[in-house]
Amino acid sequence: MPGESRGARNLLSRVRAILSRFGITPRKIEADLNRYVDITQRFGCVPTFPLTAVTLSRHPELIRKLSGREVEFAVHGYIHTDYRSLPIETQTSDFKKAIDVFESCQICFTGFRAPYLRGNGETLEALVKLDFAYDSSDTIWWDVVDKGKYTKQAWNEYRKLLDFYKPRSAQEYLALPRFKSGIVEIPVSIPDDEVMVDRLGITDARELTRIWEMILQRIYARGELFTLQLHHERISLCASALETILQQARELNPPVWIATLGEIAEWWKEKDQFTFGIDSQGDGEYRAKANCSEKATLLLRNCKVDRPTAEWSGGYQSIDAKDFVVECPKRPCVGVGPDSSPHAISFLKSEGFIVEQSDQPHNYGIYFANLADFKEADEKPISEAIERSNAPLLRYGRWPDKAKSALAITGDIDSLTLIDFVMRMFEVWRQNGR
Ligand SMILES: [Zn+2]
């Protein structure tokens, strides 16, 4: 049957690709990893490598050598299995075993990424129990590939992978970390190298670069986070794309914060503690006190202030002082109705705004009366409505040190040799068979 022969052809080309990427010894992969880190290091970037624990246990020396360079590790399962279909008991015991392997090999790790970018609510519950700093398994999809350029088969492969990941669309959602079930969730941007190379069949370095450039431009304009996923086994095809993205990110001003996933999670928790004190002094004057760390980015718009400020972006000025007097016709806050849901309020606060529940809309340059039934899909529209308004606003920026957006470079390490690759299938089969 034609379907069967196509299937066989696909399998054959997969096998060929795997054979070209892995060797019997880890020498090829070690060279790829070093080439990867040579690039990131040149741009002062520390990549985050989620690593499967059994792979670490088979190659502790190689990973210890790599850990001597500027890299960060995360746990990528005990074995490389689809945790979405496993009960919490199995997930918890697997993650515990993974922690033991990392500890006994003396490899530090920060957070977690699920193999196949697939976990479930119970995965998060297990991670919280075991005190992981973050999870980075959700995906956000950018509409940056043009269907007309690809064969029908490549396009179907691409759609199939999207169905498998079930990413959120960046047209409807913000590409930002978020607190989810008590842990920081850091979404990975799609298309990644696997989608582009293995599914869409792109091998032209310029096209790979163009796709990531479009994502970077959109994310920068929106002030969000680009978690760029590139696996070490595709570094030779994607090296120049990676260099271009890091180069461009380094040249932008206001800057892009290039950080590890661990630093991003830490920042998200730190930022969550920031507060403002706002006291009216009459005549449209407000004494503002920012309770925050030194890294905080303080921004204001459409108001005068008694301290020096500098042009930032999007009509905002940045200010270094933490205690100052703001002059504006309305309170420099976002007003919300008394019945606003806790989700709405915590979202607006996480965006850095001073949020006041009030039944006096006229006190505010921007006021939302109907936030009782606020959903995640309402986050991006409300954030955009605030940006479009002319309201006087005082707020914290999303990123530290006056950065406008953020970039993390990350790629899983599942296997280092052909044997690891074969063992991976056997380990999953054994777990499923029990
Ligand atoms: Zn993986």
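Here are a few questions and answers about the predicted model above.

Me: Before we start, how are residues numbered, and which pLDDT cut-offs apply?
Reply: Residues count from 1 along each chain as its sequence is written. As this is a predicted model, totals for chains, interfaces and linings use all residues, while side-chain atom pairs count only at pLDDT 80 or more and local features need pLDDT of at least 70.

Me: What radius of gyration does the protein chain have?
Reply: The radius is taken over C-alpha atoms, and the globule rule is 2.2 Å times the number of residues to the power 0.38. For 434 residues, a compact globule would come near 22 Å, which agrees with the chain's value of 24 Å.

Me: Which residues touch the most other members of the largest nonpolar core?
Reply: Such a core joins buried Ala, Val, Leu, Ile, Met, Phe, Trp, Tyr and Cys residues through C-beta atoms within 7 Å; buried means 20 or more other C-beta atoms within 10 Å of a residue's own, with C-beta atoms placed from the backbone. This core has 89 residues, and the two touching the most other members are I264 and A406.

Me: Which residue in β21 does L299 stand opposite?
Reply: Strands are DSSP runs (E, at least two residues), numbered from the N terminus, and two of them pair if DSSP finds at least two bridges between them. Strand β13 (residues 298–301) runs antiparallel to β21, joined by 4 bridges. There, L299 faces R395.

Me: What is the strand order in the open sheet of 4 strands?
Reply: Its pairing is antiparallel, and the order is β15-β16-β13-β21.

Note on methods
A residue is buried if 20 or more other C-beta atoms lie within 10 Å of its own, exposed if 12 or fewer, and partly exposed in between; C-beta atoms are placed from the backbone.
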